[in-house]
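Please read the following report alongside the sequence and the coordinates, taking each section as a guide to one part of the fold.

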Amino acid sequence: MPTNEKPFGRPITRRGFLASAALAGVGSSALLTACAGGSAGGGGGGTSSTPGKGGSLTWASWANPGEAERFRQISKDYEAAHGSKVTFQVVVGDYGAKLLTQLAGNSGPDVFYVQDSGMQRLIQSKNVADFTEFTSKPDSPLKLDDLYPNLMEWCKPADGSPGTYGLVVDCNPIVFWFNKDMAAAAGITQNPAQLQESGTWNRDALDDFLTKIKATGKRGMVLEGGFGPMFSWMTAFGGKVVDGDKAIFNEDAKSMETLEWLWEGMANRNITYGGSLPKGQGIDALFYGQQLASCQMGRWILPNLKKLKFGYDIAPFASADGKTVPPVIVYTAAMGVNAKAKDPEAAMYFATRFVNKDGQKARLSGGGNAVPATAGLEDVVLENKLPEHCAWFTDVAKNGYAIPPAIASKAEVGANLGTEMDKSIKAGDSAKVWADKICKFINNGS
């Protein structure tokens with residue numbers, strides 16, 4: 001198939017695993033005051049005669065102490081701007097399980113973050129409200145079409161029923177980060193960004209990059225065992241990994257060709273398998289320490305890179321034709337509204353303001369480490385021109401995909417898929433045996 005063709009038989013989406021990255025993108029204490037006028041006028045609740053003014057709500061997410069403090073400030077800013085009473089709650093521990101328990105006991109928050117692997121369970125249990133009717137109103141701060149449709153499928157019922165039960169808050173497409181200094185020291189005359197610009201960033205060029213880095217005694221690339229990087233390499237080189245709710249990459253020629261290439265790379269040590277790294281050696285730490293020349297991660301590592309003193313940049317994943325921005329995984333989380341919210345209108349206004357263009361711009365501007373999930377905010381990732389080719393973040397977000405329905409619709413698969421992938425690789429399985437096992441695991445639901 002052409003390298004710019006969608007990698008799935010029908011539209012799909014992917015997960016908010018690093019939704020913490022989306023959360024960490026919150027950097028503006030003035031977050032929702034920017035939405036006072038909003039795209040639809042008015043403030044945030046349901047008890048006032050003015051649309052979107054007044055009301056009260058609680059909202060919740062997972063958060064580290066710094067994020068929690070910012071979210072509390074967001075709540076205060078929203079109260080001041082819209083005359084609403086807003087309370088933020090941190091859910092610690094097993095977020096998905098605790099949220100389900102709260103909702104089942106009618107003690108859940110009115111608005112909450114949703115992990116992509118947990119959305120279908122919330123939809124099936126009728127614990128989340130459908131945004132369709134509210135967002136179609138003239139005064140809604142957000143229209144569903146404002147968000148990239150390629151990142152929204154997991155927020156819809158897996159059985160194809162109508163409705164949209166979550167709003168993608170922002171996103172984090174994975175890209176090919178590389179160390180410019182290490183590339184130059186290895187005798188690489190054109191780095192991945194330059195190769196992409198010249199239309200020659202293909203598999204041969206990537207092999208050349210990895211081989212030359214290996215010759216310096218450093219690592220060129222570490223392959224994470226999770227489905228995000230694995231699927232991304234397959235689809236980057238033109239493979240098809242799922243068809244609807246069924247994993248098919250074990251039967252797809254281009255996907256298998258890519259897997260064989262990855263296995264060959266691990267055998268000749270051009271590529272290191274992440275699960276084999278010594279305990280305590282993380283991929284990001286190796287990259288920060290200039291022991292690894294590339295990593296496949298999102299914008300979430302940018303704040304740490306700003307503190308370091310070496311040259312770094314990004315390129316899209318290498319592609320079959322060397323010039324396409326290929327489809328790869330885009331990590332994301334969504335905002336959901338409790339189907340039993342005490343003040344449904346206040347909850348809907350808060351959720352849509354948090355996610356709309358103004359809300360995303362306020363949260364992600366000034367060095368945020370996520371990427372907008374709506375068009376028209378390209379300037380957010382172009383701030384300070386870091387890294388040099390940061391514009392590709394937006395291109396990858398537009399061309400990428402979120403968690404496939406084959407995984408999103410099955411909670412047990414989402415929870416255990418990485419473990420199954422790792423177990424098979426460590427057992428020494430061939431690429432074909434691995435692919436057969438993992439497709440069977442995904443399709444059987446356990």
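Predicted model: local features only at pLDDT ≥ 70, side-chain atom pairs only at ≥ 80, totals over all residues.

## The five-stranded sheet

An open sheet is built from five strands, which follow one another in the order β2-β1-β3-β12-β4 with mixed pairing. Its edges are formed by β2 (85-90) and β4 (167-173), each of which pairs on one side only. On average, and with direction ignored, neighbouring strands of this sheet are turned by 20° against each other. Strands of a sheet pair through backbone hydrogen bonds, in either a parallel or an antiparallel manner. In the case of β3 (residues 111-115) and β12 (residues 330-337), the two strands run antiparallel and are joined by five bridges, and V111 has V337 as its bridge partner in β12.

Helix α3 (residues 95-104), for its part, lies across β1 (56-61) and β3, and runs at about 140° to β3.

## V91, between β2 and α3

The loop between β2 and α3 holds V91. Is this residue buried or exposed? With a relative accessible area of 8%, V91 counts as buried, because the cut-off for that class is under 20%. Leaving aside neighbours within four places in sequence, the contacts of V91 are with A60, S61, W62, K98 and Q102. V91 and F112 are separated by 21 residues in sequence, while their C-alpha atoms are 9.9 Å apart in space.

## Helix α18 and its surroundings

Helix α18 (residues 411-426) consists of 16 residues and reaches 24 Å from its first C-alpha to its last, which is close to the 22 Å expected at 1.5 Å a residue. Just after α18, G428 adopts a positive phi of about 85°.

Apart from neighbours within four places in sequence, A408 is in contact with D116, S117, Q120, W154 and I403. A408 and G118 are 290 residues apart in sequence, yet 7.4 Å apart in space, C-alpha to C-alpha.

## The pairing of β5 and β11

Strand β5 (residues 175-179) and strand β11 run antiparallel and are joined by four bridges, with I314 in β11 as the bridge partner of W177. Along β11 (residues 312-315), Y312 and I314 point one way whereas D313 and A315 point the other way, and all of these residues are buried.

## The α13 and α14 pair

Helix α13 (residues 344-355) packs against helix α14 (residues 357-364) at an angle of about 55°, and the axes of the two helices are 4 Å apart. That angle makes α13 oblique to α14. The residues that make the contact are R353, F354 and V355 on the side of α13, and K357, G359, Q360 and R363 on the side of α14.

Methods
Residues numbered from 1 in each chain as written. Heavy atoms only, no water. Pairing = 2+ DSSP bridges. Axes fitted to C-alpha atoms, helices over the stretch in contact; angles between N-to-C directions. Contact = heavy atoms within 4.5 Å. Expected span 1.5 Å × (residues − 1). Buried < 20%, exposed > 50% of the residue type's maximum accessible area, 1.4 Å probe, protein only. Parallel < 35°, antiparallel > 145°, perpendicular 65-115°, else oblique.
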